[in-house]
Amino acid sequence: MMPSAVRSACIDIGSNTTRLLVAEPAGDGMREVLARRMFVPLVGSGNGAIDPETVSVLAAVVAAHATVARESGCDRIHTVATAAIRHASNGEALCRAIRREAGLHVRILDDAEEARLAFAGAVGTLPAPPDGVVGVADVGGGSSELVAGTAAGGVSWFVSVRVGSGVLTERLVASDPPTAKELDALRAAADAAFAGVKAPRADFVYAVGGSATSLRQLCGDELSPRSLEAALAVVAAHPVRDAARGLSLARERVRLLPAGLVLLRAATEAFGGAAFEIARGGLREGVVLEDFAAQRAGS
């Protein structure tokens, strides 16, 4: 039997935010020990490469997260990277820099792995495994994934698009707050990203990712097309600094929220207009739950 105190950590290098989760097993699930985040935007670097200064900053942030994890009694640290590094021309060089600085191997997830782990984290942190088909929308900074499957069988369908909140913000938003024309452009781009995508009918639908988890104060736990449009009106009515203060969110997150909101709205339409519940877990939780399952299987 696996010792109950064994801990696992995930450092998730996203397109906008690098996050740390340290967790310990709790039955077949997990219990969060601590979580940390640092905003390190990796999109908009130009020429398909992440600039050298950002590489240095990111390596230092990952090293700091690793130190926190080790000080928390965790020697199983999984480092994963998503769309920004997956599509960067110098992604492998960045991973080498992290290995030199932090002593960690970076696992670059492909879109199928990213979808599978986000689904596993969303389903695996529910109070009880749901019966029926589960849909998950993971709107990130550099890509967005729609996933469907079951708690018992895992993922049976997914779609990944190379459009996320960071990508759309860098491409289409220059004003603070966004102009009506820029908001229309965001909506059009989100609709185009999911044009023709029709997800399987789902009995339960969940949203994961930074945009979704930032919306509880504005929308509660349920993200419907109407509540998402109402939240967009609130966020876009004020400069980032003022909106961030009013919502008690980081400025970096608020700057990306308009794009995240329109992508989530487009995702609800792909799932037939169903309202998303904000999930308790996502990619990071999926990584540590996978590690706990591997430990149990090997014990």
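The structure is a predicted model, in which local features need pLDDT of at least 70 and side-chain atom pairs count only at pLDDT 80 or more, while totals for chains, interfaces and linings use all residues. Residues are numbered from 1 along each chain as its sequence is written, and side-chain values use heavy atoms, with hydrogens and water left out.

The secondary structure consists of 12 helices and 11 strands (DSSP runs of H or I with at least four residues, and of E with at least two, numbered from the N terminus). About 55 × 50 × 35 Å is spanned by the C-alpha trace along its principal axes. Of the 299 residues, 54% are buried (under 20% relative accessible area, 1.4 Å probe, protein chains only). Residues at least 24 apart account for 69% of the contacts between residues at least 6 apart in sequence (heavy atoms within 4.5 Å).

Arg86 is located in helix α2, residues 83-87. A polar atom of the Arg86 side chain lies 2.8 Å from the backbone oxygen of Leu109. With residues up to four places away in sequence not counted, Arg86 touches Ile108, Leu109, Asp110, Asp111, Glu114, Ser143, Glu145 and Ser160.

Note on methods. Buried < 20%, exposed > 50% of the residue type's maximum accessible area, 1.4 Å probe, protein only. Polar contact = N/O pair within 3.5 Å; in protein donor to acceptor, adjacent residues only side chain to side chain.
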